[in-house]
Amino acid sequence: MYAKGVIRTLLTGTAAIVSIGTMAGTASAQTPGPAGTAAGTTITNTAQASYTVNGVQQSATSNAATFVVDRKVNLTVVPATQNNTQVAIGQPNAVVAFQVTNNTNGTQDFLLSASQTPIQNLFTGDNFDVTNIRIFVDSNGNGTYDVGVDTATYISELGADQVATVFIVGDVPNQQTAALAGITLIAQVAAGGNGAVQGAALSPSILANDDNAVDIVFADNDSDGLGLDIANNGQGRASLGYEITTRNVALTVTKYSTVISDPVSGIVLPKAIPGATVQYCLVVNNATLLVSAENVNLTDTIPANTTYQPGSIVIGLPGVNPICTLAGFIASDNGAAIPGTNFTGSYDTGTKKVTATIPTLIGGATVAASFRVTIN
């Protein structure tokens, strides 16, 4: 803007015509984004007076008026998906995702927390809570929670107008009545500028404007539109639900037996005669893609007229009949974890029951377990 006025004055023995204008300038030549001019930017302007004395052009410059741009703190938190996350009963590490946008005119950290306070007008039928809640920030920008990769628990150094994806990870209880659980991500603005240290939560400036300091102004709205968030509190929030739609999977168990050897023919065309070794094979398959079956226990009681062969439980990848397992792992009969796996196997001498445990059978996966008996 250029404003100009003309002042006529009578000086002793001299006629002077003075024109006064203002000239503005800033310390930054960058075009601000939607968040506006960066906080801390110095804005300076001066006024220029031009005049004539006895026909001679003269000029004078005012002092510089300077101030710094204050920090207008704002943020947006929205669900990363339009629909609830579909989960199964007993599912561990179920993920809901959100996006946090820094609408502040400066770099910010954001502290993250979660709430499971029921929001009935959003989640009618909310009847369970997830457990073991963890919050992680997407580190590589792929929008997918990567275990062991996405480890940051707060948003660090998010630039103005930049977006970060945040994951809430929780375990779904093994509760048959469970149907829906609402969960809310709460993001709190915090001081940025030190990537190695989590910034402290910001507080708004309560004193009069200081031209030489960056004052903090909270400009956030009631982000959830429900009155649960408070305007101008430096927080943003959004909610999603864990929705149980799958209560079972297409799990099948196939069993077959193979005579391995007998005391007469050995391993060459053995027959099922007394003293022969018979291998039983149990093959379990989860045909429901994307949904895991948890705590799969294969149990089999040793049939009459046979004796269990100690240490014969093997669990691993299925082979092709008559080979039960490929790269199988031998269990110890006492229920101890098999080294290098999460499988366990056991034999109860009292009940004569063999058990093979597979903690998680992911959708589309197949596992085989075998054991051997001797015909009495």
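Biologist: Is C281 buried or exposed, and what is its relative accessibility?

Modeller: C281 counts as buried, because its relative accessibility is 0%. Buried means under 20% relative accessible area. Keep in mind that this is a predicted model.

Biologist: Which residue is joined to C281 by a disulfide?

Modeller: C324 is the partner, with 2.0 Å from S to S. A disulfide is a pair of cysteine sulfur atoms within 2.5 Å, so this pair qualifies. By this rule, the count comes to one disulfide.

Biologist: Where do C281 and C324 lie, and what does the pair tie together?

Modeller: C281 sits in strand 18. C324 is in the loop between strand 21 (314–318) and strand 22 (325–330). The pair therefore ties together parts that are 43 residues apart in sequence. The link of C281 and C324 is right-handed, with 75 degrees about the S-S bond. C324 is buried too, at a relative accessible area of 3%.

Biologist: Now the sheets. How do strands of a sheet pair?

Modeller: They pair through backbone hydrogen bonds, either parallel or antiparallel. Here, five strands form an open sheet in the order 8-16-14-10-12, and the pairing is mixed.

Biologist: Which strands stand at the edges of that sheet?

Modeller: Strand 8 (85–88) and strand 12 (155–158) do. Each has a single partner strand, so one side of each is left without a neighbour in the sheet. The twist averages 30 degrees from one strand to the next.

Biologist: How many bridges join strand 10 to strand 12?

Modeller: Two bridges join them. Strand 10 covers residues 108–115, and the two strands run antiparallel. Q108 stands opposite L158 in strand 12.

Biologist: What is the order of the open sheet of four strands?

Modeller: The order is 7-9-13-11, with antiparallel pairing. Its edge strands are strand 7 (75–79) and strand 11 (131–137), and each pairs on one side only. The twist averages 20 degrees from one strand to the next.

Biologist: How many bridges join strand 9 to strand 13?

Modeller: Eight bridges join strand 9 (residues 94–102) to strand 13 (residues 163–171). These strands run antiparallel.

Biologist: Is I267 buried or exposed?

Modeller: I267 is exposed, because its relative accessible area is 69% and exposed means over 50%.

Definitions and conventions: Residues numbered from 1 in each chain as written. Predicted model: local features only at pLDDT ≥ 70, side-chain atom pairs only at ≥ 80, totals over all residues. Heavy atoms only, no water. Buried < 20%, exposed > 50% of the residue type's maximum accessible area, 1.4 Å probe, protein only. Pairing = 2+ DSSP bridges. Axes fitted to C-alpha atoms, helices over the stretch in contact; angles between N-to-C directions.
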